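Colleague: Please take me through this model one question at a time, starting with the strands.

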Amino acid sequence: MNEFDLVILGGGSGGYACALRGAQLGLSVVLIEQDKLGGTCLHRGCIPTKALLHAGEIADDTRHAAEFGINAEFISIDMLAVNAYKDGVISKLHKGLQGLVKSRNITYVEGTGRLVSKNQIEANGVIYTGKNVVLATGSYAKTLPGLEIDGTQIITSNEAMTMDYVPKSVIVLGGGVIGCEFASVWSSFGAEVTIIEGLPRLVALEDESSSKQLERAFRKRGIKFEVGVKFASATKGPEGVTITLENGATFTADVLLVAVGRGPVSANIGYEEQGISMDRGYILVDNKCRTNVPGIWAVGDLIPTLQLAHVGFAEGILVAEEIFGLNPRAINYDGVPRVTYSEPEVASVGLTTAIAKERGYDVVELSYDLAGNGKANILKTAGSIKLVSQKNGPVLGVHMVGSRVGELLAEAQLIYNWEATADDVAPLIHAHPTLSEAMGEAHMALAGKPLHAHG
Ligand SMILES: Cc1cc2nc3c(=O)[nH]c(=O)nc-3n(C[C@H](O)[C@H](O)[C@H](O)COP(=O)(O)OP(=O)(O)OC[C@H]3O[C@@H](n4cnc5c(N)ncnc54)[C@H](O)[C@@H]3O)c2cc1C
């Protein structure tokens with residue numbers, strides 16, 4: 001019988017999380033995936049980039065070893081070995097995930113699926129009928145008009161992930177999360193990097209103070225960038241790729257990485273034919289991820305919410321629980337933790353100062369400089385923790401820059417999501433010496449009793 005409680009199309013973060021939670025609740029589930037279980041995040045996104053960034057960190061640590069009294073010499077990057085390390089991580093996680101799906105008795109189908117009616121998906125000539133259908137077909141790397149991806153000189157993150165050499169020079173078109181992460185990796189690997197960003201600053205969705213600090217740190221690392229200027233054209237020649245900007249400036253490099261955002265995978269899969277409401281290819285849903293067609297749900301990068309793996313997980317779980325009847329709470333997207341894993345990292349949760357003001361809050365800001373934190377000095381990292389708070393009210397946003405600050409989001413997101421005030425957090429004891437102490441210190445300062453803070 002090919003009838004299930006849940007028919008899920010796409011086995012990435014959103015789809016497989018929905019499958020695992022659905023099966024855990026006792027629902028019968030079929031998960032249809034045309035490529036590899038785990039999707040973008042595991043095979044072409046989060047995991048491989050973070051492995052590359054970690055390899056880059058080791059390269060930088062080796063270069064700077066003498067500053068810590070260690071005699072070591074940086075010789076070169078062996079990309080084949082870096083890729084073997086990265087692929088080893090992916091492969092282990094992939095096997096683990098396959099085992100998990102199997103152990104939950106999920107029917108796994110390898111094949112390209114198509115929505116053929118309001119409750120049916122066809123794959124490999126077989127029809128799978130569901131009481132509910134969950135669409136989780138994810139996203140693809142976009143490019144710009146006139147900019148053709150050739151896979152060798154003009155590439156997207158897909159090809160950047162598997163390169164077997166370090167280019168001498170790279171232009172990164174797009175200074176968002178993915179662009180800044182690759183800029184960071186390549187710079188650590190020894191390439192000359194220039195980022196071109198059309199918006200006025202790098203990681204423009206972050207608080208302005210975080211962008212400024214990242215820009216300062218990148219400048220210090222020798223990563224060049226042009227912001228607030230748009231791409232006009234690109235040409236290929238023997239000396240590499242030359243791009244021209246709208247202001248007439250030109251840049252030439254071995255490789256051009258196009259990191260201008262990701263678009264939804266929603267064309268030619270039968271979505272329009274079933275009357276599903278869409279906007280620019282994104283499937284529109286309510287706050288429980290329901291589409292306008294009863295029984296059809298959509299999650300992950302396919303819907304216009306934050307394009308993050310943990311958002312996909314949360315949406316997949318939400319849908320399974322809603323279908324089962326647990327009536328889960330809708331997701332508060334402001335409370336989703338966000339990290340750019342460059343060196344230094346940029347991490348945040350909650351509202352930026354600008355958004356908090358836009359929403360009418362009486363805003364108080366507090367910046368705690370990591371220079372006052374023991375562990376940050378040990379690590380030789382610079383940065384800060386900035387709190388955006390409602391005057392005499394809860395913390396509305398936490399914005400951090402510095403090595404490893406992504407790890408501090410665990411606490412920051414509790415503070416934001418539990419609507420804690422500075423007075424709630426200030427008495428909590430943070431272990432010394434950790435970076436997390438800076439979180440405590442920032443709240444102590446905001447509560448009017450700074451400890452290790454000057455001025
Ligand atoms: C370079 C890069 C780095 C990233 N880093 C991070 C990070 O550090 N942290 C983070 O949270 N997020 C990160 N992301 C984003 C994250 O990868 C995505 O948000 C996440 O993968 C979205 O999950 P999804 O399930 O919606 O889609 P996907 O993971 O894209 O999965 C969709 C799946 O559907 C399958 N599919 C599509 N069409 C069909 C069809 N017709 N039939 C069958 N199967 C189909 C695809 O093969 C794919 O496996 C990164 C992304 C990129 C590109």
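Colleague: How many bridges join strand β10 to β11?
Modeller: Strand β10 covers residues 192-197 and runs parallel to β11; both are DSSP runs numbered from the N terminus (E, at least two residues, for strands; H or I, at least four, for helices). Within this pairing, Ile196 stands opposite Glu226 in β11. DSSP needs at least two bridges to call two strands paired, and the number joining β10 to β11 is four.

Colleague: Good start! What kind of model is this, and how are the residues numbered?
Modeller: It is a predicted model, in which local features need pLDDT of at least 70 and side-chain atom pairs count only at pLDDT 80 or more, while totals for chains, interfaces and linings use all residues. Side-chain values use heavy atoms, without hydrogens or water, and residues are numbered along each chain as its sequence is written, from 1.

Colleague: Which are the edge strands of the open sheet formed by five strands?
Modeller: The sheet is parallel, with its strands in the order β8-β15-β9-β10-β11. An edge strand pairs on one side only, and that holds for β8 (154-155) and β11 (224-227).

Colleague: On β15, which residues are buried on the side away from Val255 and Leu257?
Modeller: Both faces of β15 are covered, and Val255 and Leu257 are buried on one of them (buried is under 20% relative accessible area, exposed over 50%, partly exposed in between, with a 1.4 Å probe and protein chains only).

Colleague: At about what angle does helix α6 run to β10?
Modeller: Helix α6 (residues 177-189) lies across β8, β9 (169-173), β10 and β15 (255-258). Axes are lines fitted to C-alpha atoms, for helices over the stretch in contact (heavy atoms within 4.5 Å). With angles running from 0 to 180 degrees between N-to-C directions, α6 runs to β10 at about 165 degrees.

Colleague: Why does Phe251 count as buried?
Modeller: Phe251 lies in strand β14 (residues 250-253). Beyond its neighbours within four places in sequence, Phe251 is in contact with several residues, including Ile171, Thr194, Ile196 and Glu226. Phe251 counts as buried because its relative accessible area is 18%.

Colleague: What volume does the largest cavity have?
Modeller: A cavity is a set of 1 Å grid points where a 1.4 Å probe fits but cannot get out, with lining residues having an atom within 4 Å of a point. The search finds one cavity of 30 Å³ or more, and α6 gives the most to the lining of the largest cavity, with three residues. Among the lining residues are Val185, Trp186 and Phe189, and the lining has nine nonpolar, no polar and no charged residues. Its volume, the space filled by probe spheres set on the points, is about 50 Å³.

Conventions:
1 Å grid on protein atoms, 1.4 Å probe; cavity = no way out; pocket = protein on both sides within 12 Å on 5 of 7 lines; lining within 4 Å. Nonpolar A, V, L, I, M, F, W, Y, C, P; charged D, E, K, R; others polar.
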